[in-house]
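This report walks through a structural model.

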Amino acid sequence: MSSVAEQPPDLEGVTHRLHPLTPVAYAGRVIGLVLAFVILGHLDTSNSSGQASGTSAGQATLVTVSILGALTVITLLRGTVALMTTQYGLEAGEFRIDSGLLQRQSKRVRLDRLQSVDVIQPLTARVLGLAELRLSTAGTERASLRVRYIAYGHAQALRAELLGRSAGIGPGVAEAPEHPLITIQPGSLLAAVLLELVSWRVLLLLAGPALAVAAANASSGPHPAATGVGIGLFVYGLFIVAHFIWRRVTTLWDFTVAESPDGLRIRRGLLATSAQTVPFDRIQALYLHQPMLFRPFGWALVRMNVAGYVGREVSEQTVLLPVAPRAFAEWLVSRVVGVDVAQVAVTRPPRRARFRAPLWWRAEGTGSDEGIFVTRHGVFSRSIEAVPHQRTQSVHMTAGPWSRALGLASVHLDSTRGPVKIRARFRDAHEARRILDLQAERARQARRRASAPAPLPNGAPLPDGTALSTVADGGAGGTGPTP
Amino acid sequence: MRRAVLLVLGIPFVGAAAALLYNWSAVACDVAIGVGFLALLSGWVIIGRNWHSWGYAERADDLLVTHGAMFKKLVVVPYGRMQLVDVEAGPVERLFGVVKVKLHTAAATTDARVLGLVPEDAVALRDRLRALGEARAAGL
């Protein structure tokens, strides 16, 4: 997939500058707006050419055009300033980027603290052959470091270089070879997004207003105001849902997971594309989720916690697999954590937990082995969470009044910010305390072991081709099994 | 401290309620005073129990923090996971001359606070924790 095999960039001590086309890429979104507006305005004038309100419409157009023009100039200027003032390079194991005209700032990231490296191409940048390089570190969004924009081939070479140095392989490494594990076909992605959406919350959002209007009309005759509000709410709900689907489908389009020595590589995107590379040992926790309507098809999705993935795009960034056969999803989770998740024995809470959680206590489960801690829950939508011991941050235990009356308690393993929450709920209070102490001890030992970096884990073998080919019939396809 | 806050805010509130009701009926006024007194008393007791429930223990490799009388919580924070240690004091805490020590890890859900320490103790605790954290620091 790597198109241009560029020379490994000469980074040490040399300062680099951004690509000369940076200002255009900066202004890309505004230019798109202007274009859309011009086209729409053209359609509008051709439709209403004979109307009396031509002059006022013309004035409105003039105002909008001038506002958009000003925006374009401002973003172009911003881009030019960024182009003229930004310099980056490597210095004693640190990646450094200096920027700013009036307020100079210098950001540095230690390569051994690097959490992930993403190459992102917004639409305009893609057209121009540029890309943004984003280095995530553990911390807030501000702590992540963005180099925008540089040539795409250069970004790829830079990524390989940084990841190579981060893993301690040394300078001058070429892009690590990768082999693809799975590509999600458009049909199954669309199906998955729609099926995932069907949940009580969305049904309520859409059906709530409709039901309310129907009830109001039935009880006291037609009620125009209530009907209007109801329809308004319904349309608004519809709009939210449509936007969500659009966003999901375009960002997760052509989703490919590949494995390379420097980590998992995730490529996705329809208009704006993104290639994330996350080293295996930077994935903090994982969960395998089966929304209610995935289960008839035997599908599952996988999401992950990665330190430094916070902010606006987090709900897409943390997707490790939008849809796949369950067997493959389980294999992938096991591959990342290095232990076969299905082999970890899981136990239920004690029977008296039914007074605390009437129906769903049966679906709760907790188990662990030498390497990982596993929880599962959910009656209709099922999920399994897994966290390696060396990745747990802290452990805590809670018990409310009602739980305590029943002699129950819950144990939580704290992971970095992300979609995965690991909770062993409704355990016997003594057992919970044992789990707490055991996890604290295991995490301590795992940290001690982790001081010497272990070789890449060898997960269980990929489930044989049958599982993959059955889904290929249903629309999803694996692009070839792995050894 | 919370008891003081309770009294400072609670007694005028009960008084005001009683005064308002006095114009309406004297019995209601008496009832209001009675209920208010009981509420304050139970608040006093609950705060006492809550205060007793706070505790921390420095172990060889981790810090144990516990609190909560009704909703119990026990947190284990390994020294190697601590990212930073804060010493904080809000306005009311400053009035009473106490501070709290807060521990942060890379996880946002870690809720480890030690409340109501004398400033000297808090600073000593922070320095100890920081030294231990540096000695055992582990990467993410």
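Predicted model: local features only at pLDDT ≥ 70, side-chain atom pairs only at ≥ 80, totals over all residues.

## A pair across the chain boundary

A:M397 sits opposite B:L74, a residue of β3(B).

## A sheet built from both chains

How many strands does the open sheet hold that includes β17(A) and β3(B)? It has six, in the order β19(A)-β18(A)-β17(A)-β3(B)-β2(B)-β1(B). The pairing is antiparallel.

Which strands stand at the edges? One is β19 of chain A, residues 422-428, and the other is β1 of chain B, residues 55-58. Each of these pairs on one side only. From one strand to the next, the twist averages 15 degrees.

## The contact between the chains

The contact involves 22 residues of chain B and 23 residues of chain A. On the chain B side, strand β3, residues 72-78, supplies the largest share, with seven residues. By class, the chain B side has 13 nonpolar, four polar and five charged residues.

## Chain A: overall build

Chain A has 483 residues, and 39% of them are buried. Its secondary structure comprises 13 helices and 19 strands. Consider the contacts in chain A with a separation of 6 or more: 61% of them link residues 24 or more positions apart.

Chain A also has an open sheet of three strands, ordered β1-β2-β3, with antiparallel pairing. The edge strands are β1 (87-91) and β3 (105-110) of chain A; each has a single partner strand, so one side of each lacks a neighbour in the sheet. The twist in this sheet averages 20 degrees from one strand to the next. Five bridges connect β1(A) to β2 of chain A, residues 94-99, and the two run antiparallel. Within chain A, A:E91 stands opposite A:E94, which lies in β2(A).

## Chain A: an enclosed strand

Is strand β11 of chain A, residues 283-290, enclosed or open? Eight of its eight residues are buried, so β11(A) is largely enclosed by the rest of the structure.

Strand β11(A) has antiparallel links to two strands described here. Six bridges join β11(A) to β12 of chain A, residues 299-306. Five bridges join β11(A) to β16 of chain A, residues 382-388. A:H289 takes part in both pairings: A:H289 stands opposite A:L301 in β12(A), and opposite A:S383 in β16(A).

## Chain A: nonpolar cores

The largest nonpolar core has 85 residues. The members that touch the most others are A:L286, A:V302, A:L321, A:A329, A:V333, A:A386 and A:L436. Helix α10 of chain A, residues 326-337, gives the most to this core: seven residues.

What does A:A386 touch, leaving aside neighbours within four places in sequence? Its contacts are A:L286, A:V333, A:V337, A:V341, A:I372 and A:V374. A second core is separate and has 29 residues, among them A:L18, A:Y88, A:V119 and A:L158.

Chain B contains four helices and six strands. Along the sequence, the pattern is α-α-β-β-β-β-α-β-β-α.

The C-alpha trace of chain B spans about 70 × 25 × 25 Å along its principal axes. The radius of gyration of chain B is 21 Å, whereas a compact globule of 140 residues would have one near 14 Å. Of the 140 residues of chain B, 20% are buried. Among chain B contacts with a separation of 6 or more, 42% join residues 24 or more positions apart.

## Chain B: a residue in helix α2

B:V45 lies in helix α2 of chain B, residues 26-53. Is B:V45 buried or exposed? B:V45 is exposed, because there are 11 other C-beta atoms within 10 Å, and a residue with 12 or fewer counts as exposed.

B:V31 is 14 residues away from B:V45 in sequence. In space the two are 21 Å apart, C-alpha to C-alpha.

Conventions: Residues numbered from 1 in each chain as written. Chains lettered and ligands numbered in written order. Contact = placed C-beta atoms within 7 Å. Nonpolar A, V, L, I, M, F, W, Y, C, P; charged D, E, K, R; others polar. Pairing = 2+ DSSP bridges. Axes fitted to C-alpha atoms, helices over the stretch in contact; angles between N-to-C directions. Rg over C-alpha atoms; globule rule 2.2 N^0.38 Å. Core = buried A, V, L, I, M, F, W, Y, C linked by C-beta atoms within 7 Å.
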